[in-house]
Amino acid sequence: MTPRTLSRSTSGEAAAGDDPAEQDAVDLLYRYGVGGLAISAMTSSSLAFVAFRQSHNRLVIGWWLSISVVLALRAIDVLRFGKPGSGLGVSDPIVRNAKLGLWRFGAGVIATGILWGLFAGLFLKNLDDIGRSATAVVLCGMVGGSITVLSPSRGLAIVYNALLVLPASILFVTFPGPQYTLFGVVGCGFFVVMANSSRISHKATMTALRLSRINERLLHDMAEERGRTEAANDELKIAQAELEESNRFLEFRIKARTADLEREMLEKESYAERLALLASRDPLTGLYNRATFADYLAKAISSAETTGMSLAVLFLDLDKFKEVNDVMGHIAGDQVLKTIATRLVTHFQDVKIARWGGDEFLIVMEEIDSTDSSFQLGHALRDCVAEAFEIEHRMLAIDATVGIALYPQHARTQEELIWAADVAMFAGKADKQSRIRLFDSTLSANLVHRHQLEQALREAVAGNTFSLVFQPVIDTRRKRCDAMETLVRWHHPKLGTISPAEFIPIAERTGEIVEIGRWVLHEACREAASWPGRDPPAVSVNISAAQIEAGTLVADVLNALEGAKLRPDRLHLELTESLFATDQSGAVSVLAELRKKGIHVLLDDFGTGFSCLAYLQRLPVDRIKVDQTFVNGIHVDAGPIVESILTTARAFGLEVVAEGVETAEQAETLTAMGAHYLQGHLISGALTPRATREWLVAQERDRDGHHRTLAAAHE
Ligand code: C2E
Ligand code: MG
Ligand code: MG
């Protein structure tokens, strides 16, 4: 019988080692092995002692030695593998190789059983009755004990049982005497019973082992499950802690963000408030601006309409403020405006005050009972403004002119009211008598028109709606175009084309001529630089006295030349004599400086102003332009005047231009008198820039043609 059949017989389904319970069975054999071996050693020694006394001594000793050796080898095997304390189980088997262990253990048991069988065969017949009985009892006892010890292996238990019981039982049957026969039969019956017990014991042991296995697995699984649960719990705790942490962090972030948002909202609100304030205020003075004032006035008018009360709009304009700006500079000018604004706000807290523009202020006075109260306010305003103050270590006193318009007497809308107050102020400035002027519908249409122009001009300068035309000046000796005079044009969308003779004086008065003149200079030089021909004409630009007074003329001229890359000798400047009436030395030095650069200076409209021929000696000019009125009357009564102008000019070495030449006779007479240049409708009217270029091309062509004809005639 092999251990494999042994194991199959025990489990009935798998080889040793396959079923974990069989591994446990082998472990159990080894565990109980020591006790069995000890009993076997004692019994074998006792029976050997009995047999030694009654049989052949040497054979007994041999047997005893043999069984002792077998038992010792088995003891070594058991002690080596069946260490007490080692647990049973898959994870910690006593016998690492169950199959081999079973083989070794089985071999030891079978060897022991064979030696017991040999003992019966060799010594039983020589023993006396007591010895035989003792042997039978010992063997039966051994078999009984082995049922438990060998219960893990049913096969081993049965074989061991058979080897111990059957040889002795069979021998007992052969012994004479009925008692031995009985011994033998009982022995065989004992074997059968023991074999059955072995089966039952084996079954119980295996069931217990399997249950223990299942139990252990369950415990193991439970432990594992607990471990997993604990690990899951730990993870859960960590996750919870993290969640709490992130919740705290989130809460903190939300609080911080909320605080930020609140702060941002506050900032935005205050920014919006500041913006609204800025949008409603004049940045320099902090007074209401135009839009806010107009809104306020509209509301005041509608409430006056409801209550049936009157209201007054006062238009206050500083006198000679331009001079402050020109003389002391813009920073000082701004300082003056700020000081006046502060004064007005401090003194007149019951009325609304706005800065309308430049040096203009608007005041609305509500619920007035009589015109007088508005006049009183006008006087108080003037007194407040006129108080002297110190700017840049200089005492300054500025007066103001106030225009008053009343609702509903003079106008019913806010635009009309402001306009009426403005016109009244303008009239006040014009007549210089009444510094506080009430609007009057009989104010001259001319004044209203001038006022209108002044306003329109301001807008035109800002929007730059001017254009230039050019009028040729021809050289009577060289018979060619010498220069082109630049004349500015202004076309207003509503007022139509306005003559420079009309708007230039206004621009001179308001100071806007400086800006306009600068633009004209740049444009004229730019155009001149594009004129065709081998030797293109010069460009002649009219300059106002105000431009020289502003002190920027030299710089403006040089910038214009530089910007257009135009030679200085191609620029002529036309100035009127009135320039030299007031500040001679200043103007003289400016003109002298310009002439030094190669620029030609002309005295325009000669003879109309302070015509004093003696001036010519001192003035740094190259040419004079005889005014068209003299040219016009040359054949009537102006002939001697023109004659004397030409003679004097020649005496001072100056060239003469005759302007406004309209007829061929005028041209002939002037040429005969010695006029060097002619200008007027006879030659050409004013031309657009494009027409100017075309005119110059045509001139060049005609001259070439004339030269060719002359050359052919000479040939
Ligand atoms: P001005 O400088 O004496 O210019 C000559 C004026 O006489 C021009 O009038 C011109 O169109 C006109 N004219 C030219 N030939 C004839 C003619 O044969 N017959 C008649 N009846 N008139 C003629 P405009 O363009 O109306 O200019 C008037 C004045 O305006 C100019 O007089 C000049 O003093 C001023 N002006 C024009 N442009 C400018 C400018 O850019 N700057 C300045 N400061 N003043 C300018
Ligand atoms: Mg001119
Ligand atoms: Mg002129």
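In the predicted model, helix H4 (residues 98-123) packs against helix H6 (residues 154-174) at an angle of about 5 degrees, and their axes lie 8 Å apart. Because angles under 35 degrees count as roughly parallel, H4 is described as roughly parallel to H6. On the H4 side, the contact is formed by Phe105, Gly106, Val109, Ile110, Thr112, Gly113, Ile114, Trp116, Gly117, Ala120 and Gly121. H6 contributes Leu156, Val159, Tyr160, Leu163, Leu164, Pro167, Ala168 and Leu171. Sorted by class, this contact of H4 with H6 comprises 14 nonpolar and five polar residues, with no charged residues.

H6 also packs against helix H7 (residues 178-280), where the two axes come within 7 Å and cross at roughly 175 degrees. Since an angle over 145 degrees counts as roughly antiparallel, H6 is roughly antiparallel to H7. The contact of H6 with H7 includes 15 nonpolar, seven polar and two charged residues. H6 is thus roughly parallel to H4 and roughly antiparallel to H7.

A further helix pair is formed by helix H8 (residues 290-307) and helix H12 (residues 414-431), which pack at an angle of about 110 degrees with their axes 9 Å apart. This angle makes H8 roughly perpendicular to H12, as the range from 65 to 115 degrees is assigned to that description. From H8, the residues in contact are Phe293, Ala294, Leu297, Ala298 and Ile301. Those from H12 are Gln414, Leu417 and Ile418. Seven nonpolar residues and one polar residue make up the contact of H8 with H12, and no charged residue takes part.

Two local features of the backbone were identified. Tyr407 and Pro408 are joined by a cis peptide bond, with omega at about 5 degrees. Pro408 is located in the loop between strand E6 (400-407) and H12. Glu367 is placed in strand E3 (residues 360-368).

The surroundings of ligand 1 were also examined. Ligand 1 is surrounded by 23 residues, of which Gln471, Asn542, Asp604, Glu662 and His681 are the closest. The side chain of Glu662 has an N or O atom 2.7 Å from a nitrogen atom of ligand 1. For Asn542, an N or O atom of the side chain is 2.9 Å from an oxygen atom of ligand 1. Val488 approaches through its backbone, with an N or O atom 3.2 Å from a nitrogen atom of ligand 1. Ligand 1 taken alone exposes 800 Å², and 82% of that is buried by the protein.

Strand E9 (480-492), helix H14 (500-510) and strand E13 (600-606) are the elements that give two or more residues to the shell around ligand 1. With four residues, E9 gives the most to this shell. By class, the shell has eight nonpolar, eight polar and seven charged residues.

How values were computed: Residues are numbered from 1 along each chain as its sequence is written. Chains are lettered from A and ligands numbered from 1 in the order in which they are written. This is a predicted model: local features need pLDDT of at least 70, side-chain atom pairs count only at pLDDT 80 or more; totals for chains, interfaces and linings use all residues. Side-chain values use heavy atoms; hydrogens and water are left out. Axes are lines fitted to C-alpha atoms, for helices over the stretch in contact, and angles run from 0 to 180 degrees between N-to-C directions. Contact means heavy atoms within 4.5 Å. Ala, Val, Leu, Ile, Met, Phe, Trp, Tyr, Cys and Pro count as nonpolar, Asp, Glu, Lys and Arg as charged, and the others, Gly among them, as polar. A residue is near a molecule or strand if one of its heavy atoms lies within 4 Å of it. A polar contact is a pair of N or O atoms within 3.5 Å; within protein, one must be able to donate a hydrogen and the other to accept it, and residues adjacent in sequence count only if both atoms are side-chain atoms. Accessible areas come from the Shrake-Rupley method with a 1.4 Å probe; for residues, only the protein chains shown count as cover.
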